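Let's take a walk through this structure together. Have the sequence and the 3D view handy, and we'll go one piece at a time.

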Amino acid sequence: MHIKEEQRERHTLAVIVDNEPGILARIAGLFTARGYNIESLTVTDITEDEAVSRITIVTSASAHVMEQIIAQLERLVPVHKVTDLTALGPHVERELALVKVAGTGDHRIEALRLAEVYRARVVDATIASFVFEVTGGSDKIDKFVELMREVGLVEVARTGIVAISRGAEPA
């Protein structure tokens, strides 16, 4: 007997919720209890009175599992709306990273050269190190970090993905 495994696809979800204590834990718990992995998670207030927040979640799942995830999220009381940006169509995704690189001499020059190519900004510098700020898609940041390993990577801090649909209409 051969069981066909469904193809997993990366999805970016925008979840609009009441900004109340425990909602993030409830959403993370929903994923954990069902064995779903969260690859990236970001949260921000989206109203002036800080009553509503937008949670951006990146996960990988089959189409069937994705439907279940969305349905379960929509059942949570403080959730107003769940949008699968991936299924919706074209959308913009970005991430920010702070990358600390230590080095002197040629390593220092190479780090600055690579930062210029990747449009990374120097946000802190000492005689022995730099902290670069780089924004873009996850692939770009992954590649920048990989290259910095060769010239003295010390530490990386990443924000996680933020995403928004393209066009004039809200998601």
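In which hand, left or right, does helix 1 pass helix 2? The crossing is right-handed. Keep in mind as you look that this is a predicted model. Helix 1 covers residues 23–33 and helix 2 covers residues 63–75; they pack at an angle of about 145 degrees, and their axes are 11 Å apart. On the helix 1 side, the contact is made by Ile 27, Leu 30 and Phe 31, while helix 2 brings Ile 69, Gln 72 and Leu 73. Sort the residues of this contact by type and you get five nonpolar, one polar and no charged.

Now for the sheet that goes with these helices. It's an open sheet of four strands in the order 2-3-1-4, with antiparallel pairing. Strand 2 (40–45) and strand 4 are at the edges with a single partner strand each, so each has one side left without a neighbour in the sheet. On average, neighbouring strands here are turned by 15 degrees against each other, direction ignored. Look at strand 2 and strand 3: six bridges join this antiparallel pair, and Thr 42 stands opposite Thr 56 in strand 3.

How do the helices sit on these strands? Helix 1 lies across strand 1, strand 2 and strand 3, and runs at about 15 degrees to strand 3. Helix 2 packs on the sheet too, touching strand 1, strand 3 and strand 4, and its direction makes about 160 degrees with that of strand 4.

In soluble globular proteins, nonpolar side chains tend to be buried together. Here the largest nonpolar core has 18 residues, and those touching the most other members are Leu 13, Val 15, Ile 27, Phe 31, Ile 69 and Leu 73. Strand 1 (9–18), helix 1, strand 3 (52–61), helix 2 and strand 4 (79–84) each give two or more residues to this core.

One last stop is strand 9, residues 162–165. Four bridges join strand 9 to strand 5 (residues 91–102), and the two run antiparallel. Glu 93 stands opposite Ala 163 in strand 9. Strand 9 has a covered face with Ala 163 and Ser 165, and an uncovered one with Val 162 and Ile 164.

Conventions. Residues are numbered from 1 along each chain as its sequence is written. This is a predicted model: local features need pLDDT of at least 70, side-chain atom pairs count only at pLDDT 80 or more; totals for chains, interfaces and linings use all residues. Side-chain values use heavy atoms; hydrogens and water are left out. Buried means under 20% relative accessible area, exposed over 50%, partly exposed in between (1.4 Å probe, protein chains only). Two strands pair if DSSP finds at least two bridges between them. Axes are lines fitted to C-alpha atoms, for helices over the stretch in contact, and angles run from 0 to 180 degrees between N-to-C directions. A crossing is left-handed if the near helix is turned anticlockwise from the far one by less than a right angle, and right-handed if clockwise. Contact means heavy atoms within 4.5 Å. Ala, Val, Leu, Ile, Met, Phe, Trp, Tyr, Cys and Pro count as nonpolar, Asp, Glu, Lys and Arg as charged, and the others, Gly among them, as polar. A nonpolar core is a set of buried Ala, Val, Leu, Ile, Met, Phe, Trp, Tyr and Cys residues joined through side-chain atoms within 4.5 Å.
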